[in-house]
Amino acid sequence: MSNAQAFTTAAMPLDQQLVLVTGAGRGLGAAIAKAFAHAGSGLVINYRYSADAAEELAEAIRARGGRAAAVEADVTDDRAVDAMFETAQEEFGMPVSTVVNSALLDYSFNGEERQPADEIDYDDLSEQFRGTVGAAMNTIQAAMHGFREIGSGRVINIGTNLVQHPVVPYHDYTAAKAALLSLTRTFARDLGPAGVRVNMLSGGLLRTTDASAATPEGVFDEVAAASALGHVTTPEEFASAVIFFASPDSRAVTGQNLIVDNGYVMR
């Protein structure tokens, strides 16, 4: 492929793309899927347990003239992920052009319920690594055949601002996201020659998702007060920023981490 052709595929408009969002049956993943649907992208709505919610979201998108399919897969299982990509190709007749890794193993964002540093077990970290780094590796590797067919690809990993500002003892979650940030950069370097851009968006506390439903209200108030823009980020605000990294406007951006938290953390 010539440089000119590679540039053209990297500039693929959002309404010509097929986007796979992991963990899109609920919470932040669902908000991201809705944002892409609004931009006209085809959507593969991945879920593991939230079948009803994922199917309802896909049906709502189709009812508005969009393209969407809900596909079940445990993203920690590489064979299930391979099958999901095959299903997506068959359903839409085109390869996935953008992957958003937003799936999260069951986790409660309540610092009072998390294990402190002198009590946490390595198995807790290992489980988060499996669900964060392992799952991202599975989806990226499964996407590569389609990316090479297209001549470009986008990977958008979801991180956390706790890597930069670890104010809450989410040791397992934060360690896994830090590893995902490293993977984002090393994969960006390795896959760049194939036209694949790999970036991360890191949020803070979101008002509100299933994971943050257990967060005490006082914590939301503290985060809002400490944020430059004076309020807690919503899933919809975060999802809007995700769109940039899949759009032609980001074709010269890779290996980057954008913090989206209304100015709570500035790096």
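User: Which residues have the most contacts inside the largest nonpolar core?

Analyst: This is a predicted model. Its largest nonpolar core has 34 residues. Those with the most contacts inside this core are Ile32, Phe36, Ile45, Val100 and Val242.

User: Which element gives the most to this core?

Analyst: Strands S1 (18-21), S2, S3 (68-72) and S5 (153-160) each supply at least two residues. So do helices H2 (27-38), H3 (51-63) and H8 (235-246). The top contributor, with eight residues, is H2.

User: Which residues does Val242 touch, not counting residues up to four places away in sequence?

Analyst: Val242 is one of the residues with the most contacts inside the largest core. Two of its partners, Ile32 and Phe36, are on that list too. With neighbours up to four places away in sequence left out, Val242 touches Ile32, Phe36, Val100, Ile156, Ile158 and Leu201.

User: How many residues does the other core have, the one with Val96 and Ala143 among them?

Analyst: This core lies apart from the largest one. Its members include Val96, Ala143, Met144 and Val198. The count is 32 residues.

User: Why is H2 called oblique to H8?

Analyst: The two axes come within 8 Å. They cross at roughly 55 degrees. That angle falls between the roughly parallel limit of 35 degrees and the roughly perpendicular range that starts at 65. H2 and H8 are therefore oblique.

User: Is the crossing of H2 and H8 left-handed or right-handed?

Analyst: On the H2 side, the contact uses Leu28, Ala31, Ile32, Ala35 and Phe36. On the H8 side, it uses Pro235, Glu236, Phe238, Ala239, Val242, Ile243 and Ala246. The crossing of H2 and H8 is right-handed.

User: How do the residues of the contact of H2 with H8 divide by class?

Analyst: Glu236 of H8 is part of this contact, and Glu counts as charged. In soluble globular proteins, nonpolar side chains tend to be buried together. The division here is 11 nonpolar, no polar and one charged.

User: At what angle do the axes of H4 and H5 cross?

Analyst: Helix H4 covers residues 78-92, and helix H5 covers residues 122-150. Their axes come within 9 Å. The helices are therefore oblique to each other, and their crossing is right-handed. The angle is roughly 40 degrees.

User: What classes of residue make the contact of H4 with H5?

Analyst: H4 brings Asp78, Val81, Asp82 and Phe85. H5 brings Asn138, Thr139, Ala142 and Ala143. By class, that is four nonpolar, two polar and two charged residues.

User: Is Gly42 buried or exposed?

Analyst: Gly42 lies in strand S2 (residues 42-47). Beyond four places in sequence, Gly42 touches Gln17, Leu18, Val19 and Arg67. Its relative accessible area is 0%, so Gly42 is buried.

User: How far apart in space are Gly42 and Gly111?

Analyst: In sequence, the two are 69 residues apart. In space, C-alpha to C-alpha, the separation is 37 Å.

User: Is the peptide bond from Arg207 to Thr208 cis or trans?

Analyst: Thr208 lies in the loop between strand S6 (196-203) and helix H7 (217-226). Omega of the bond from Arg207 to Thr208 is near 0 degrees. The bond is cis.

User: What is phi of Asn262?

Analyst: Asn262 lies in the segment after strand S7 (257-260). At 11% relative accessibility, Asn262 counts as buried. Its phi is positive, in a residue other than glycine. The value is near 60 degrees.

How values were computed. Residues are numbered from 1 along each chain as its sequence is written. This is a predicted model: local features need pLDDT of at least 70, side-chain atom pairs count only at pLDDT 80 or more; totals for chains, interfaces and linings use all residues. Side-chain values use heavy atoms; hydrogens and water are left out. Axes are lines fitted to C-alpha atoms, for helices over the stretch in contact, and angles run from 0 to 180 degrees between N-to-C directions. Helices (H or I, at least four residues) and strands (E, at least two) are DSSP runs, numbered from the N terminus. Angles under 35 degrees count as roughly parallel, over 145 as roughly antiparallel, 65 to 115 as roughly perpendicular and the rest as oblique. A crossing is left-handed if the near helix is turned anticlockwise from the far one by less than a right angle, and right-handed if clockwise. Contact means heavy atoms within 4.5 Å. Buried means under 20% relative accessible area, exposed over 50%, partly exposed in between (1.4 Å probe, protein chains only). A nonpolar core is a set of buried Ala, Val, Leu, Ile, Met, Phe, Trp, Tyr and Cys residues joined through side-chain atoms within 4.5 Å.
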